[in-house]
Amino acid sequence: MIKIYVASAFSKDEKGGNKAGVLINDYNLTVKQKMKVAEILGYSETAFISKSDKADFKLEYYTPVEEVPLCGHATIATFVVLNNLKKLSKSSYKIETKSGILNIQIKKELILMQQNLPKYYDIIDKHEIEKCIDTNILDEEYPIQIVSTGLKDILVPIDNRESLRKIKPNFEEMKKISKEKDVIGMHMFTVNNDEELTAICRNFAPLYGINEESATGTSNCALACYLFKYGIKKNKYVFEQGYELDNPSQIIVFLEENNNLISNVLVGGKGYIVEEIEINNL
């Protein structure tokens with residue numbers, strides 16, 4: 001019998017967020033079985049914890065169709081579960097992932113996850129995405145660009161919140177450009193830029209079986225670094241996502257800088273355990 005926790009990460013006011021499956025016991029499952037667990041749960045990602053000889057824990061992340069190297073919300077969900085089960089005794093941990101060794105910080109209910117330093121890739125002409133969305137709603141002040149702090153996304157600036165809300169993507173075209181550009185998907189945002197809220201976002205990753213996701217830690221880390229590069233320089237960025245899925249989420253990104261260069265990236269949020277599930281046969 002396999003025991004699985006479902007936790008919501010990046011919740012706002014103890015509601016919403018993005019749910020992920022979490023297995024805290026190493027059941028020696030095969031890759032095929034791990035994908036089967038993810039398929040049974042039906043969430044975009046499920047995290048599997050095992051022992052590491054390089055860090056405190058090893059984390060693997062599976063969608064129903066394949067393994068991904070890193071997942072922000074599933075990592076936060078993992079530590080929400082560990083924290084609730086009183087299995088944490090320190091304020092900081094190291095995790096081994098396919099994206100490298102990353103640091104986790106526990107600050108009361110806020111769980112922060114270190115990301116890789118940003119990498120800025122191609123700036124994309126709007127005509128390349130015109131089959132995906134209506135390009136008349138783009139915010140021309142910012143470029144369309146591929147950015148990564150662990151996973152590559154196409155960041156797409158939208159002119160206002162209403163335009164963002166009304167977007168009806170062509171998912172088949174998104175799959176094509178995601179495969180062509182070797183990215184996870186498209187992260188669309190409209191800048192708000194005040195102390196309480198930096199931007200509102202929507203995230204689409206149909207190539208990985210996720211038409212839309214309610215909270216994406218890695219994508220919003222990339223977005224914070226992008227905004228830093230293009231003039232919105234802060235220590236703390238607050239993003240909201242998931243309204244169109246009735247799962248309002250809040251993602252917080254902290255940037256540290258040295259000589260106007262980003263020297264550390266942390267993404268954080270709060271969360272809660274949703275339920276426990278037992279699976280007898282795979």
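Q: Is Cys 221 buried or exposed?
A: Cys 221 is buried, with a relative accessible area of 0%; buried means under 20% relative accessible area, exposed over 50% and partly exposed in between, with a 1.4 Å probe and protein chains only. This is a predicted model, in which local features need pLDDT of at least 70 and side-chain atom pairs count only at pLDDT 80 or more, while totals for chains, interfaces and linings use all residues. Residues are numbered from 1 along each chain as its sequence is written, and side-chain values use heavy atoms, with hydrogens and water left out.

Q: How many disulfides are there?
A: The count is zero disulfides, a disulfide being a pair of cysteine sulfur atoms within 2.5 Å.

Q: How many residues of α5 are buried?
A: In α5, 12 of the 13 residues are buried, so the helix is largely enclosed by the rest of the structure. Among them are Cys 221, Cys 225 and Tyr 226. Helices are DSSP runs (H or I, at least four residues), numbered from the N terminus.

Q: Changing topic, which residues form an aromatic cluster?
A: Tyr 142, Phe 189, Tyr 226 and Tyr 230 form one aromatic cluster.

Q: Which charged end sits over the ring of Tyr 230?
A: That of Lys 229, 5.7 Å from the ring centre; the criterion is NZ of Lys or CZ of Arg within 6 Å of the ring centre and within 35 degrees of the ring normal.

Technical notes:
Helix = DSSP H or I, 4+ residues; strand = E, 2+ residues; numbered from the N terminus. Phe/Tyr/Trp six-rings, centres within 6.5 Å; stacked < 30°, edge-to-face > 60°.
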